[in-house]
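Dear colleague,

Please find below the structure that I am handing over to you. My findings follow it.

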Amino acid sequence: MAQPFLAPGIAWALVVIFSVLWIALGVSWGRKGKGDADDYMLAGRNIGLALSTATLMASWVTGNTTLLAPEFGYRNGLWGMFSYALAGLGLILFAPLALRIKQLMPAGRTSGDFFRLRYGRAAWWVFMVITAIYTLGFLMTQAMGAGILLEALSGFDYRLGMVVVIGVSTIYTLYGGMRAVVGTDFIQSLLIMVLLVVVAVLAFRQFPAPEVHRELVASHPGRLNLLLPAGLLIAWNSALFSMGEVFHNNIWWSRVFASRPSVVFRSFVFGGLAWMTVPVVTGSIGLVALAQAIELPQVNMVFPVVASQLLGAGGAAMVFVVVFASLTSTLDSLLASTADLVAEDVVFKLLNPQLSDAELKRATRLVVIGLGVVTLALSWPRLDSLASVLFFTGALVASTIWPVAYGLYWRSANRVAAIAAMVAGSVCGLLAYTLIAPYCAALISAAVSALVMAVGTQLWPESFSWHILKEG
Amino acid sequence: MDDLPQALLIFGLGAVVTLATTLMIWQGYRHWQGRDPFEGAD
(Lines give C-alpha, C1' and ligand atoms only; values in the text may rest on other atoms or scores of the structure.)
Protein backbone atom coordinates (compact mmCIF):
# COMPACT_ATOMS: atom_id res chain seq x y z
CA MET A 1 0.00 0.00 0.00
CA ALA A 2 1.22 3.54 -0.79
CA GLN A 3 2.32 5.82 2.06
CA PRO A 4 -0.76 7.59 3.58
CA PHE A 5 -0.92 11.39 3.38
CA LEU A 6 -1.80 11.89 7.02
CA ALA A 7 -0.23 10.44 10.18
CA PRO A 8 -2.64 7.86 11.73
CA GLY A 9 -2.67 9.74 15.06
CA ILE A 10 -3.87 12.99 13.46
CA ALA A 11 -6.39 11.09 11.32
CA TRP A 12 -7.81 9.34 14.39
CA ALA A 13 -8.04 12.62 16.30
CA LEU A 14 -9.96 14.23 13.41
CA VAL A 15 -12.30 11.23 13.09
CA VAL A 16 -13.07 11.23 16.84
CA ILE A 17 -13.61 15.03 16.99
CA PHE A 18 -15.96 15.18 14.00
CA SER A 19 -17.80 11.94 14.84
CA VAL A 20 -18.56 13.16 18.37
CA LEU A 21 -19.56 16.57 17.02
CA TRP A 22 -21.98 15.18 14.39
CA ILE A 23 -23.57 12.70 16.80
CA ALA A 24 -23.92 15.24 19.65
CA LEU A 25 -25.42 17.91 17.38
CA GLY A 26 -27.66 15.43 15.57
CA VAL A 27 -29.07 13.96 18.80
CA SER A 28 -29.55 17.41 20.31
CA TRP A 29 -31.35 18.83 17.23
CA GLY A 30 -33.48 15.70 16.99
CA ARG A 31 -35.00 16.49 20.41
CA LYS A 32 -36.51 19.71 19.09
CA GLY A 33 -39.89 19.91 17.40
CA LYS A 34 -43.17 18.10 18.01
CA GLY A 35 -41.68 14.63 17.88
CA ASP A 36 -44.28 13.14 15.51
CA ALA A 37 -43.55 11.18 12.32
CA ASP A 38 -43.91 14.23 10.06
CA ASP A 39 -41.44 16.15 12.21
CA TYR A 40 -38.96 13.25 12.19
CA MET A 41 -39.23 12.74 8.44
CA LEU A 42 -39.47 16.37 7.28
CA ALA A 43 -38.13 18.55 10.11
CA GLY A 44 -41.48 20.24 10.70
CA ARG A 45 -41.74 21.41 7.04
CA ASN A 46 -40.31 24.77 8.08
CA ILE A 47 -36.69 24.92 6.84
CA GLY A 48 -35.51 28.40 5.85
CA LEU A 49 -33.36 29.54 2.94
CA ALA A 50 -29.88 29.18 4.49
CA LEU A 51 -30.44 25.68 5.88
CA SER A 52 -32.25 24.50 2.78
CA THR A 53 -29.52 25.76 0.42
CA ALA A 54 -26.79 24.28 2.62
CA THR A 55 -28.40 20.85 2.91
CA LEU A 56 -28.92 20.66 -0.87
CA MET A 57 -25.34 21.66 -1.55
CA ALA A 58 -23.85 19.35 1.13
CA SER A 59 -25.91 16.34 0.04
CA TRP A 60 -24.83 16.87 -3.58
CA VAL A 61 -21.13 17.14 -2.65
CA THR A 62 -20.16 13.48 -2.48
CA GLY A 63 -16.77 11.84 -2.11
CA ASN A 64 -16.74 11.82 -5.92
CA THR A 65 -17.05 15.60 -6.16
CA THR A 66 -13.91 16.13 -4.14
CA LEU A 67 -11.86 13.34 -5.70
CA LEU A 68 -13.31 12.47 -9.13
CA ALA A 69 -13.65 16.10 -10.32
CA PRO A 70 -9.87 16.73 -9.99
CA GLU A 71 -9.31 13.48 -11.87
CA PHE A 72 -11.65 14.71 -14.63
CA GLY A 73 -9.71 17.99 -14.76
CA TYR A 74 -6.40 16.11 -14.83
CA ARG A 75 -7.46 13.65 -17.55
CA ASN A 76 -9.72 15.80 -19.76
CA GLY A 77 -8.63 19.35 -19.00
CA LEU A 78 -11.13 22.19 -19.16
CA TRP A 79 -13.97 20.03 -20.54
CA GLY A 80 -13.50 17.51 -17.74
CA MET A 81 -13.84 20.26 -15.17
CA PHE A 82 -16.80 21.97 -16.84
CA SER A 83 -18.67 18.76 -17.64
CA TYR A 84 -18.46 17.69 -14.01
CA ALA A 85 -19.71 21.12 -12.93
CA LEU A 86 -22.73 20.73 -15.25
CA ALA A 87 -24.10 18.24 -12.72
CA GLY A 88 -25.25 21.35 -10.84
CA LEU A 89 -27.88 21.73 -13.58
CA GLY A 90 -29.84 18.91 -11.98
CA LEU A 91 -30.49 21.04 -8.89
CA ILE A 92 -31.04 24.28 -10.81
CA LEU A 93 -33.55 22.81 -13.28
CA PHE A 94 -35.38 21.13 -10.42
CA ALA A 95 -36.09 24.57 -8.85
CA PRO A 96 -39.23 25.32 -10.93
CA LEU A 97 -40.42 21.74 -10.48
CA ALA A 98 -39.86 22.02 -6.72
CA LEU A 99 -42.10 25.07 -6.62
CA ARG A 100 -44.85 23.21 -8.49
CA ILE A 101 -44.50 20.15 -6.20
CA LYS A 102 -44.84 22.36 -3.14
CA GLN A 103 -48.03 23.90 -4.55
CA LEU A 104 -49.62 20.66 -5.76
CA MET A 105 -48.64 18.42 -2.84
CA PRO A 106 -48.63 20.50 0.34
CA ALA A 107 -49.02 17.36 2.48
CA GLY A 108 -46.81 15.09 0.33
CA ARG A 109 -43.98 13.12 1.91
CA THR A 110 -42.13 11.25 -0.83
CA SER A 111 -41.43 11.12 -4.56
CA GLY A 112 -43.23 7.74 -4.48
CA ASP A 113 -46.44 9.60 -3.54
CA PHE A 114 -46.17 11.52 -6.81
CA PHE A 115 -45.67 8.47 -9.04
CA ARG A 116 -48.51 6.56 -7.35
CA LEU A 117 -51.04 9.38 -7.44
CA ARG A 118 -50.06 10.81 -10.85
CA TYR A 119 -49.49 7.66 -12.90
CA GLY A 120 -50.93 4.78 -10.82
CA ARG A 121 -49.55 1.74 -8.99
CA ALA A 122 -47.89 0.11 -12.05
CA ALA A 123 -45.79 3.25 -12.68
CA TRP A 124 -45.00 3.34 -8.95
CA TRP A 125 -43.56 -0.19 -9.17
CA VAL A 126 -41.32 0.78 -12.12
CA PHE A 127 -40.20 3.87 -10.19
CA MET A 128 -39.50 1.77 -7.08
CA VAL A 129 -37.32 -0.68 -9.01
CA ILE A 130 -35.35 2.19 -10.59
CA THR A 131 -34.92 4.08 -7.32
CA ALA A 132 -34.03 0.91 -5.36
CA ILE A 133 -31.21 0.00 -7.77
CA TYR A 134 -29.99 3.60 -7.89
CA THR A 135 -30.13 4.08 -4.11
CA LEU A 136 -28.33 0.83 -3.35
CA GLY A 137 -25.68 1.71 -5.97
CA PHE A 138 -25.32 5.19 -4.49
CA LEU A 139 -25.10 3.89 -0.90
CA MET A 140 -22.52 1.31 -1.95
CA THR A 141 -20.35 3.78 -3.87
CA GLN A 142 -20.36 6.19 -0.91
CA ALA A 143 -19.62 3.42 1.61
CA MET A 144 -16.87 1.87 -0.51
CA GLY A 145 -15.58 5.34 -1.33
CA ALA A 146 -15.36 6.01 2.41
CA GLY A 147 -13.30 2.87 3.01
CA ILE A 148 -11.01 3.43 0.02
CA LEU A 149 -10.49 7.15 0.65
CA LEU A 150 -9.83 6.93 4.36
CA GLU A 151 -7.39 4.09 3.68
CA ALA A 152 -5.51 6.15 1.07
CA LEU A 153 -5.55 9.34 3.12
CA SER A 154 -4.75 7.99 6.55
CA GLY A 155 -3.80 4.33 6.29
CA PHE A 156 -7.03 3.13 7.98
CA ASP A 157 -8.10 -0.38 7.13
CA TYR A 158 -10.74 -0.27 4.31
CA ARG A 159 -13.45 -1.87 6.47
CA LEU A 160 -12.68 0.24 9.51
CA GLY A 161 -13.05 3.49 7.57
CA MET A 162 -16.29 2.27 6.05
CA VAL A 163 -17.75 1.18 9.40
CA VAL A 164 -16.83 4.53 11.00
CA VAL A 165 -18.45 6.66 8.29
CA ILE A 166 -21.62 4.52 7.97
CA GLY A 167 -21.86 4.09 11.75
CA VAL A 168 -21.61 7.81 12.52
CA SER A 169 -24.10 8.79 9.78
CA THR A 170 -26.56 6.08 10.85
CA ILE A 171 -26.44 7.01 14.55
CA TYR A 172 -27.21 10.70 14.19
CA THR A 173 -29.79 10.11 11.44
CA LEU A 174 -31.48 7.48 13.62
CA TYR A 175 -31.77 9.77 16.66
CA GLY A 176 -32.30 13.12 14.97
CA GLY A 177 -34.13 12.33 11.73
CA MET A 178 -34.30 15.05 9.06
CA ARG A 179 -33.65 17.82 11.62
CA ALA A 180 -30.24 16.27 12.43
CA VAL A 181 -29.47 15.72 8.75
CA VAL A 182 -30.24 19.33 7.80
CA GLY A 183 -28.40 20.80 10.80
CA THR A 184 -25.22 18.78 10.30
CA ASP A 185 -25.38 19.38 6.55
CA PHE A 186 -25.24 23.12 7.25
CA ILE A 187 -21.99 22.81 9.18
CA GLN A 188 -20.57 20.27 6.74
CA SER A 189 -21.30 22.51 3.75
CA LEU A 190 -19.56 25.47 5.44
CA LEU A 191 -16.54 23.29 6.26
CA ILE A 192 -16.34 22.00 2.69
CA MET A 193 -16.59 25.46 1.10
CA VAL A 194 -14.17 27.21 3.46
CA LEU A 195 -11.50 24.49 3.36
CA LEU A 196 -11.71 24.16 -0.42
CA VAL A 197 -11.25 27.90 -0.84
CA VAL A 198 -8.25 27.83 1.53
CA VAL A 199 -6.60 24.96 -0.38
CA ALA A 200 -7.27 26.60 -3.77
CA VAL A 201 -6.06 30.06 -2.72
CA LEU A 202 -2.87 28.66 -1.20
CA ALA A 203 -2.25 26.45 -4.26
CA PHE A 204 -2.73 29.33 -6.72
CA ARG A 205 -0.54 31.61 -4.60
CA GLN A 206 2.28 29.16 -5.06
CA PHE A 207 1.47 28.55 -8.72
CA PRO A 208 -0.37 31.57 -10.14
CA ALA A 209 -2.97 30.91 -12.86
CA PRO A 210 -0.91 32.54 -15.69
CA GLU A 211 1.98 30.23 -14.85
CA VAL A 212 -0.31 27.16 -14.84
CA HIS A 213 -1.74 28.28 -18.20
CA ARG A 214 1.74 28.81 -19.69
CA GLU A 215 2.89 25.36 -18.58
CA LEU A 216 -0.27 23.70 -19.92
CA VAL A 217 0.07 25.45 -23.30
CA ALA A 218 3.66 24.20 -23.51
CA SER A 219 3.23 20.66 -22.22
CA HIS A 220 -0.47 19.65 -22.53
CA PRO A 221 -2.17 21.95 -25.05
CA GLY A 222 -4.86 19.31 -25.69
CA ARG A 223 -6.22 19.78 -22.17
CA LEU A 224 -7.09 23.40 -23.01
CA ASN A 225 -8.70 22.47 -26.33
CA LEU A 226 -12.49 22.73 -26.21
CA LEU A 227 -12.69 20.39 -29.22
CA LEU A 228 -10.85 17.59 -27.41
CA PRO A 229 -12.86 14.45 -28.47
CA ALA A 230 -12.64 12.82 -25.03
CA GLY A 231 -14.00 16.01 -23.48
CA LEU A 232 -16.84 16.38 -26.00
CA LEU A 233 -17.95 12.79 -25.35
CA ILE A 234 -18.47 13.32 -21.62
CA ALA A 235 -19.70 16.92 -21.87
CA TRP A 236 -23.46 16.40 -21.35
CA ASN A 237 -23.40 13.12 -19.49
CA SER A 238 -23.10 14.71 -16.04
CA ALA A 239 -25.93 17.16 -16.76
CA LEU A 240 -28.42 14.49 -17.86
CA PHE A 241 -27.33 11.98 -15.24
CA SER A 242 -27.73 14.59 -12.50
CA MET A 243 -31.20 15.58 -13.74
CA GLY A 244 -32.23 11.93 -13.56
CA GLU A 245 -30.83 11.60 -10.05
CA VAL A 246 -32.42 14.77 -8.69
CA PHE A 247 -35.79 14.61 -10.48
CA HIS A 248 -36.73 11.15 -9.21
CA ASN A 249 -34.92 10.63 -5.92
CA ASN A 250 -36.50 11.18 -2.56
CA ILE A 251 -33.41 12.98 -1.21
CA TRP A 252 -34.47 16.04 -3.20
CA TRP A 253 -38.24 15.62 -2.90
CA SER A 254 -37.93 15.35 0.89
CA ARG A 255 -36.03 18.69 0.86
CA VAL A 256 -38.91 20.22 -1.11
CA PHE A 257 -41.49 18.98 1.40
CA ALA A 258 -39.29 20.01 4.34
CA SER A 259 -38.66 23.60 3.14
CA ARG A 260 -40.92 26.62 3.46
CA PRO A 261 -42.87 27.40 0.25
CA SER A 262 -41.26 30.84 0.00
CA VAL A 263 -37.68 29.50 -0.15
CA VAL A 264 -37.99 26.32 -2.18
CA PHE A 265 -37.27 27.81 -5.63
CA ARG A 266 -34.33 29.97 -4.54
CA SER A 267 -32.73 27.25 -2.39
CA PHE A 268 -32.46 24.86 -5.35
CA VAL A 269 -30.99 27.58 -7.60
CA PHE A 270 -28.52 28.75 -4.93
CA GLY A 271 -27.69 25.17 -3.91
CA GLY A 272 -26.93 24.26 -7.55
CA LEU A 273 -24.81 27.36 -8.16
CA ALA A 274 -22.89 26.89 -4.88
CA TRP A 275 -22.30 23.24 -5.74
CA MET A 276 -20.95 24.10 -9.21
CA THR A 277 -18.04 25.98 -7.62
CA VAL A 278 -16.80 22.78 -5.92
CA PRO A 279 -15.87 20.75 -9.04
CA VAL A 280 -14.49 23.92 -10.67
CA VAL A 281 -12.19 24.54 -7.68
CA THR A 282 -11.18 20.90 -7.21
CA GLY A 283 -10.90 20.41 -10.99
CA SER A 284 -8.55 23.37 -11.24
CA ILE A 285 -6.34 21.63 -8.66
CA GLY A 286 -6.09 18.80 -11.21
CA LEU A 287 -4.82 21.32 -13.77
CA VAL A 288 -2.21 22.58 -11.27
CA ALA A 289 -0.97 19.01 -10.82
CA LEU A 290 -0.75 18.58 -14.58
CA ALA A 291 1.07 21.88 -15.10
CA GLN A 292 3.56 21.17 -12.32
CA ALA A 293 4.07 17.55 -13.48
CA ILE A 294 3.41 16.34 -9.93
CA GLU A 295 3.91 12.60 -9.64
CA LEU A 296 0.74 10.67 -8.77
CA PRO A 297 0.54 7.15 -7.29
CA GLN A 298 -3.12 6.93 -8.42
CA VAL A 299 -4.85 9.45 -10.67
CA ASN A 300 -7.94 9.68 -8.41
CA MET A 301 -5.69 10.94 -5.62
CA VAL A 302 -4.83 14.20 -7.43
CA PHE A 303 -6.46 16.42 -4.82
CA PRO A 304 -4.83 14.96 -1.67
CA VAL A 305 -1.46 14.64 -3.42
CA VAL A 306 -1.44 18.29 -4.53
CA ALA A 307 -2.74 19.53 -1.17
CA SER A 308 -0.16 17.60 0.84
CA GLN A 309 2.74 18.44 -1.51
CA LEU A 310 1.93 22.14 -1.57
CA LEU A 311 0.66 22.62 1.95
CA GLY A 312 2.25 19.81 3.94
CA ALA A 313 0.45 17.95 6.76
CA GLY A 314 -2.02 20.85 7.17
CA GLY A 315 -3.16 20.43 3.56
CA ALA A 316 -3.61 16.68 4.01
CA ALA A 317 -5.64 17.30 7.18
CA MET A 318 -7.87 19.80 5.34
CA VAL A 319 -8.52 17.29 2.54
CA PHE A 320 -9.30 14.61 5.12
CA VAL A 321 -11.91 16.84 6.80
CA VAL A 322 -13.43 17.84 3.43
CA VAL A 323 -13.73 14.18 2.39
CA PHE A 324 -15.13 13.07 5.77
CA ALA A 325 -17.72 15.90 5.72
CA SER A 326 -18.65 15.14 2.07
CA LEU A 327 -19.19 11.45 2.77
CA THR A 328 -21.21 11.85 5.97
CA SER A 329 -23.37 14.64 4.53
CA THR A 330 -24.32 12.48 1.55
CA LEU A 331 -24.83 9.26 3.50
CA ASP A 332 -27.07 10.86 6.14
CA SER A 333 -29.32 12.32 3.42
CA LEU A 334 -29.50 9.01 1.60
CA LEU A 335 -30.31 7.09 4.78
CA ALA A 336 -32.97 9.55 5.98
CA SER A 337 -34.79 10.06 2.68
CA THR A 338 -34.67 6.39 1.68
CA ALA A 339 -35.99 5.38 5.10
CA ASP A 340 -38.84 7.90 4.63
CA LEU A 341 -39.63 6.41 1.21
CA VAL A 342 -39.62 2.79 2.39
CA ALA A 343 -41.59 3.50 5.59
CA GLU A 344 -44.16 5.78 3.97
CA ASP A 345 -44.64 4.10 0.58
CA VAL A 346 -44.08 0.44 1.39
CA VAL A 347 -44.73 -0.11 5.10
CA PHE A 348 -47.54 2.45 5.52
CA LYS A 349 -49.27 2.95 2.16
CA LEU A 350 -48.77 -0.55 0.73
CA LEU A 351 -48.60 -3.00 3.65
CA ASN A 352 -50.34 -1.45 6.65
CA PRO A 353 -52.43 1.71 6.10
CA GLN A 354 -53.74 1.42 9.70
CA LEU A 355 -50.31 2.29 11.12
CA SER A 356 -50.43 4.98 13.83
CA ASP A 357 -48.18 8.03 13.73
CA ALA A 358 -45.91 6.63 16.47
CA GLU A 359 -45.67 3.28 14.66
CA LEU A 360 -44.77 5.03 11.40
CA LYS A 361 -41.97 6.93 13.15
CA ARG A 362 -40.71 3.68 14.72
CA ALA A 363 -40.85 1.96 11.31
CA THR A 364 -38.82 4.82 9.76
CA ARG A 365 -36.17 4.43 12.47
CA LEU A 366 -35.99 0.67 11.95
CA VAL A 367 -35.52 1.23 8.22
CA VAL A 368 -32.62 3.65 8.93
CA ILE A 369 -30.89 0.88 10.93
CA GLY A 370 -31.73 -1.71 8.28
CA LEU A 371 -30.31 0.44 5.49
CA GLY A 372 -27.11 1.03 7.47
CA VAL A 373 -26.66 -2.73 7.97
CA VAL A 374 -27.50 -3.58 4.32
CA THR A 375 -25.04 -0.93 3.09
CA LEU A 376 -22.30 -2.37 5.29
CA ALA A 377 -23.02 -5.91 4.11
CA LEU A 378 -23.07 -4.98 0.40
CA SER A 379 -19.91 -2.90 0.64
CA TRP A 380 -17.92 -5.41 2.70
CA PRO A 381 -16.25 -6.99 -0.36
CA ARG A 382 -14.21 -4.21 -1.90
CA LEU A 383 -14.74 -3.16 -5.53
CA ASP A 384 -12.31 -0.69 -7.05
CA SER A 385 -14.34 0.28 -10.09
CA LEU A 386 -16.98 2.54 -8.55
CA ALA A 387 -17.42 4.79 -11.59
CA SER A 388 -18.85 1.89 -13.62
CA VAL A 389 -21.51 1.24 -10.93
CA LEU A 390 -22.52 4.91 -11.07
CA PHE A 391 -22.69 5.10 -14.88
CA PHE A 392 -24.81 1.92 -14.85
CA THR A 393 -27.45 3.59 -12.67
CA GLY A 394 -27.38 6.62 -15.02
CA ALA A 395 -29.14 4.50 -17.65
CA LEU A 396 -32.05 3.97 -15.26
CA VAL A 397 -32.49 7.34 -13.57
CA ALA A 398 -32.27 9.46 -16.74
CA SER A 399 -35.43 7.71 -17.97
CA THR A 400 -37.45 9.42 -15.19
CA ILE A 401 -36.63 13.03 -16.20
CA TRP A 402 -39.47 13.52 -18.69
CA PRO A 403 -42.16 11.51 -16.87
CA VAL A 404 -41.56 13.61 -13.73
CA ALA A 405 -41.44 17.04 -15.39
CA TYR A 406 -44.20 16.33 -17.90
CA GLY A 407 -46.44 14.88 -15.21
CA LEU A 408 -46.03 17.96 -13.02
CA TYR A 409 -46.85 20.48 -15.74
CA TRP A 410 -49.18 18.80 -18.26
CA ARG A 411 -52.59 17.44 -17.33
CA SER A 412 -52.51 15.47 -20.60
CA ALA A 413 -49.40 13.41 -19.64
CA ASN A 414 -50.32 9.79 -20.38
CA ARG A 415 -49.73 7.18 -17.64
CA VAL A 416 -48.99 4.31 -20.04
CA ALA A 417 -46.57 6.57 -21.92
CA ALA A 418 -44.85 7.36 -18.59
CA ILE A 419 -44.36 3.66 -17.84
CA ALA A 420 -43.23 2.95 -21.42
CA ALA A 421 -40.85 5.94 -21.28
CA MET A 422 -39.16 4.68 -18.10
CA VAL A 423 -38.91 1.08 -19.34
CA ALA A 424 -37.79 1.90 -22.92
CA GLY A 425 -35.38 4.61 -21.70
CA SER A 426 -33.79 2.25 -19.16
CA VAL A 427 -33.46 -0.64 -21.64
CA CYS A 428 -31.95 1.55 -24.39
CA GLY A 429 -29.68 3.27 -21.84
CA LEU A 430 -28.38 -0.10 -20.63
CA LEU A 431 -27.82 -1.22 -24.24
CA ALA A 432 -25.87 1.98 -24.89
CA TYR A 433 -23.88 1.34 -21.69
CA THR A 434 -22.85 -2.09 -22.97
CA LEU A 435 -22.66 -1.59 -26.73
CA ILE A 436 -21.39 2.00 -27.08
CA ALA A 437 -19.80 3.36 -23.89
CA PRO A 438 -20.80 3.90 -20.22
CA TYR A 439 -20.88 7.70 -20.61
CA CYS A 440 -23.60 7.43 -23.28
CA ALA A 441 -26.03 5.57 -21.01
CA ALA A 442 -27.77 8.57 -19.42
CA LEU A 443 -27.91 10.45 -22.71
CA ILE A 444 -29.55 7.64 -24.71
CA SER A 445 -31.91 6.82 -21.84
CA ALA A 446 -33.08 10.45 -21.53
CA ALA A 447 -33.47 10.85 -25.31
CA VAL A 448 -35.57 7.69 -25.75
CA SER A 449 -37.68 8.43 -22.66
CA ALA A 450 -38.37 12.00 -23.82
CA LEU A 451 -39.46 10.79 -27.24
CA VAL A 452 -41.79 8.08 -25.87
CA MET A 453 -43.32 10.44 -23.28
CA ALA A 454 -43.92 13.29 -25.73
CA VAL A 455 -45.25 11.14 -28.60
CA GLY A 456 -47.39 8.93 -26.31
CA THR A 457 -48.99 11.99 -24.72
CA GLN A 458 -49.62 13.68 -28.07
CA LEU A 459 -51.32 10.56 -29.46
CA TRP A 460 -53.30 9.59 -26.34
CA PRO A 461 -53.76 12.64 -24.14
CA GLU A 462 -55.35 12.14 -20.71
CA SER A 463 -57.21 14.57 -18.51
CA PHE A 464 -55.71 14.36 -15.04
CA SER A 465 -57.27 16.14 -12.08
CA TRP A 466 -54.53 17.99 -10.18
CA HIS A 467 -56.57 17.72 -6.98
CA ILE A 468 -55.64 14.02 -6.76
CA LEU A 469 -52.05 15.03 -5.97
CA LYS A 470 -53.26 17.10 -3.03
CA GLU A 471 -54.19 13.85 -1.27
CA GLY A 472 -50.48 12.92 -1.09
CA MET B 1 -15.32 6.51 -30.17
CA ASP B 2 -12.33 8.81 -30.03
CA ASP B 3 -12.40 10.68 -33.28
CA LEU B 4 -13.82 14.14 -33.64
CA PRO B 5 -16.90 13.53 -35.87
CA GLN B 6 -18.28 10.83 -33.56
CA ALA B 7 -17.50 12.94 -30.50
CA LEU B 8 -19.29 15.91 -32.08
CA LEU B 9 -22.30 13.69 -32.85
CA ILE B 10 -22.61 12.58 -29.20
CA PHE B 11 -21.99 16.16 -28.06
CA GLY B 12 -24.70 17.46 -30.41
CA LEU B 13 -27.25 14.85 -29.30
CA GLY B 14 -26.50 15.65 -25.64
CA ALA B 15 -26.95 19.37 -26.29
CA VAL B 16 -30.29 18.78 -28.09
CA VAL B 17 -31.69 16.56 -25.29
CA THR B 18 -30.54 18.96 -22.55
CA LEU B 19 -31.92 21.97 -24.42
CA ALA B 20 -35.26 20.26 -25.13
CA THR B 21 -35.60 19.31 -21.45
CA THR B 22 -34.76 22.84 -20.33
CA LEU B 23 -37.28 24.36 -22.77
CA MET B 24 -40.00 21.94 -21.69
CA ILE B 25 -39.47 22.87 -18.02
CA TRP B 26 -39.31 26.59 -18.84
CA GLN B 27 -42.55 26.37 -20.85
CA GLY B 28 -44.32 24.58 -18.00
CA TYR B 29 -43.00 27.05 -15.43
CA ARG B 30 -44.15 30.05 -17.49
CA HIS B 31 -47.55 28.48 -18.08
CA TRP B 32 -48.30 28.02 -14.38
CA GLN B 33 -46.76 31.29 -13.18
CA GLY B 34 -49.45 33.38 -11.51
CA ARG B 35 -52.23 30.80 -12.11
CA ASP B 36 -54.18 28.62 -9.71
CA PRO B 37 -51.97 25.48 -9.51
CA PHE B 38 -55.06 23.24 -9.61
CA GLU B 39 -56.63 24.95 -12.64
CA GLY B 40 -58.30 22.42 -14.95
CA ALA B 41 -57.01 23.41 -18.36
CA ASP B 42 -53.41 23.05 -19.50
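Of the contacts in chain A with a separation of 6 or more, what percentage comes from residues 24 or more positions apart? The share is 86%. Please bear in mind throughout that this is a predicted model.

**Chain A**

Chain A contains 20 helices and zero strands. Its radius of gyration is 22 Å, while the globule rule gives 23 Å for 472 residues; the two values are close, so chain A is as compact as a globular protein of that length. Along the principal axes, the C-alpha atoms of chain A occupy a box of roughly 60 × 50 × 40 Å.

Buried residues account for 62% of the 472 residues in chain A. The accessible surface of this chain is about 16,100 Å², and carbon and sulfur atoms contribute 69% of that area. As for charge, chain A carries 27 positive and 21 negative side chains, with 8 Å between the centres of the two sets.

**Chain B**

Chain B has one helix and zero strands. The box filled by the C-alpha atoms of chain B is roughly 50 × 15 × 10 Å, again taken along the principal axes. Of the 42 residues in chain B, 33% are buried. Its accessible surface comes to about 2,500 Å², with 65% belonging to carbon and sulfur atoms.

**Where the two chains meet**

The size of an interface is often expressed as the accessible area that is lost when the parts come together. Between chain A and chain B, the buried area is about 2,900 Å², and carbon and sulfur atoms give 78% of it. On the chain A side, the residues that lose the most area to chain B are A:L233, A:W236 and A:Y409, which together make up 20% of what that side buries. In terms of contacts, 37 residues of chain A touch 29 residues of chain B.

**One residue in detail**

Is A:N249 buried or exposed? Its relative accessibility is 2%, and the cut-off for a buried residue is under 20%, so A:N249 counts as buried. Apart from neighbours within four places in sequence, A:N249 is in contact with A:S111, A:T131, A:Y134 and A:T135. By contrast, A:V16 is 233 residues away from A:N249 along the chain, and the C-alpha atoms of these two residues are 32 Å apart.

Yours sincerely,
A colleague

Methods
Residues numbered from 1 in each chain as written. Chains lettered and ligands numbered in written order. Predicted model: local features only at pLDDT ≥ 70, side-chain atom pairs only at ≥ 80, totals over all residues. Heavy atoms only, no water. Helix = DSSP H or I, 4+ residues; strand = E, 2+ residues; numbered from the N terminus. Rg over C-alpha atoms; globule rule 2.2 N^0.38 Å. Buried < 20%, exposed > 50% of the residue type's maximum accessible area, 1.4 Å probe, protein only. Contact = heavy atoms within 4.5 Å. Areas by Shrake-Rupley, 256 points an atom, 1.4 Å probe, with all protein chains shown as cover. Lys, Arg positive; Asp, Glu negative; His and termini not counted. Charge placed at Lys NZ, Arg CZ, Asp CG, Glu CD. Buried area = accessible area lost by both parts, 1.4 Å probe.
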